[in-house]
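Please read it alongside the sequence and the coordinates.

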Amino acid sequence: MAKLETARSGLDAGSREISLTIPVAPDMEIVATAQAVAIGEYMEMPRDKIDEVKLAIVEACINAFEHAQTRDDRVHLTFRVGRESDGPEYLEVEVFDQGRGFDQRSVEMPSLEKAFGGGKKRGWGLQIIRSLMDSVAITSGDWGTRILMRKYK
Amino acid sequence: MSEACKITVERRNDVAILFTDGYINNQGGEEIARQAYAQLDAGARALILDLEKTRIVNSIGISILIEVLERVMDRKGVLAFCRLTPTIDKTFRIMGLAQYAAIYPSLDEALKAVAAAPRGEAARNP
């Protein structure tokens, strides 16, 4: 416990950001979720909320793996622990790729009705991310895509 | 990197229970589909997917589960899920899967419900 409290005060002193770069390769998204678990447990976030962050990270990474065509064959993640003034602590995850970007207006909303009868069954990633996280901001252009998502403890 | 999702199957009359263990991604989803279709071909009327040992189902895995659901519906069968983590439960409900495949907290409840569900009708959500 003392060790944890020392570690927490160390983080509070300013080192509140952890970066991770993963290669575009099968199952590498799971490596990123392991980092989220470690930070979530450290900040004593409930397990169900950690699971929601994990799935959102998986979806953001899969989007980058499948669609971005990254110039460096990598996806860059930054994990930040923060607190709004008088608000609860939060875990913020930034998923950044140097890919070709995409036009958010062109992303069709998926539905099971469309999926049945031979329709498109994929494309749920962004909807899942938005539903599981407390806030999500997506910016994209020919420089790449940045998904910034936050979960409050 | 992650271990492949393991699937074990138990058959109780015309109900097949598929127990998953691990990450349901494209490979995991495909293995579930393979086992599910084999059970349907072998005469199963109802499929129960027991996800007690799965903590993540990604969107590719879910898209394959939708294919399985579609196949079951085409055959006028019944598909149900049980023992989902709160996150998987929430995800399935967000997507509307719960309208077509009931979700139960326990395997016993799923078994009772699918036994009572007439062929071609989704078991009722509790």
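In this predicted model, α2(A) and α3(A) cross in a right-handed sense. Helix α2 of chain A covers residues 28-42 and helix α3 of chain A covers residues 47-68; the two pack at an angle of about 150°, and their axes are 9 Å apart. Because an angle over 145 degrees counts as roughly antiparallel, α2(A) is roughly antiparallel to α3(A).

**Helix pair in chain A**
- On the α2(A) side, the contact is made by A:M28, A:E29, A:A32, A:T33, A:A36, A:V37 and A:G40.
- On the α3(A) side, the residues in contact are A:I50, A:V53, A:K54, A:I57, A:V58, A:C61 and A:I62.
- Sorted by class, the contact of α2(A) with α3(A) has ten nonpolar, two polar and two charged residues.

**Overall form of chain A**
- Chain A contains five helices and five strands.
- Read from the N terminus, the elements of chain A follow the order α-β-α-α-β-β-α-α-β-β.
- The radius of gyration of chain A is 17 Å, close to the 15 Å that the globule rule gives for 153 residues, so chain A is as compact as a globular protein of that length.
- The C-alpha trace of chain A spans about 55 × 35 × 30 Å along its principal axes.

**Sheet of chain B**
- In chain B, five strands make up an open sheet with mixed pairing, in the order β1-β2-β3-β4-β5.
- From one strand to the next, the twist averages 25°.
- β1(B) runs antiparallel to strand β2 (residues 15-21) of chain B, and seven bridges join them.
- B:E10 stands opposite B:I17 in β2(B).
- Helix α4 (residues 107-116) of chain B lies across β2, β3 (46-53), β4 (78-82) and β5 of chain B, and its direction is at about 165° to β4(B).

**Contact between the chains**
- Chain B gives 22 residues to the contact, and chain A gives 22 residues.
- On the side of chain B that touches chain A, α2 (59-74) and α3 (86-95) of chain B each supply at least two residues.
- α2(B) gives the most to this side of chain B, with seven residues.
- By class, the side of chain B that touches chain A comprises eleven nonpolar, eight polar and three charged residues.

Notes. Residues are numbered from 1 along each chain as its sequence is written. Chains are lettered from A and ligands numbered from 1 in the order in which they are written. This is a predicted model: local features need pLDDT of at least 70, side-chain atom pairs count only at pLDDT 80 or more; totals for chains, interfaces and linings use all residues. Two residues are in contact if their C-beta atoms, placed from the backbone, lie within 7 Å. Helices (H or I, at least four residues) and strands (E, at least two) are DSSP runs, numbered from the N terminus. Ala, Val, Leu, Ile, Met, Phe, Trp, Tyr, Cys and Pro count as nonpolar, Asp, Glu, Lys and Arg as charged, and the others, Gly among them, as polar. Two strands pair if DSSP finds at least two bridges between them. Axes are lines fitted to C-alpha atoms, for helices over the stretch in contact, and angles run from 0 to 180 degrees between N-to-C directions. Angles under 35 degrees count as roughly parallel, over 145 as roughly antiparallel, 65 to 115 as roughly perpendicular and the rest as oblique. A crossing is left-handed if the near helix is turned anticlockwise from the far one by less than a right angle, and right-handed if clockwise. The radius of gyration is taken over C-alpha atoms; the globule rule is 2.2 Å times the number of residues to the power 0.38.
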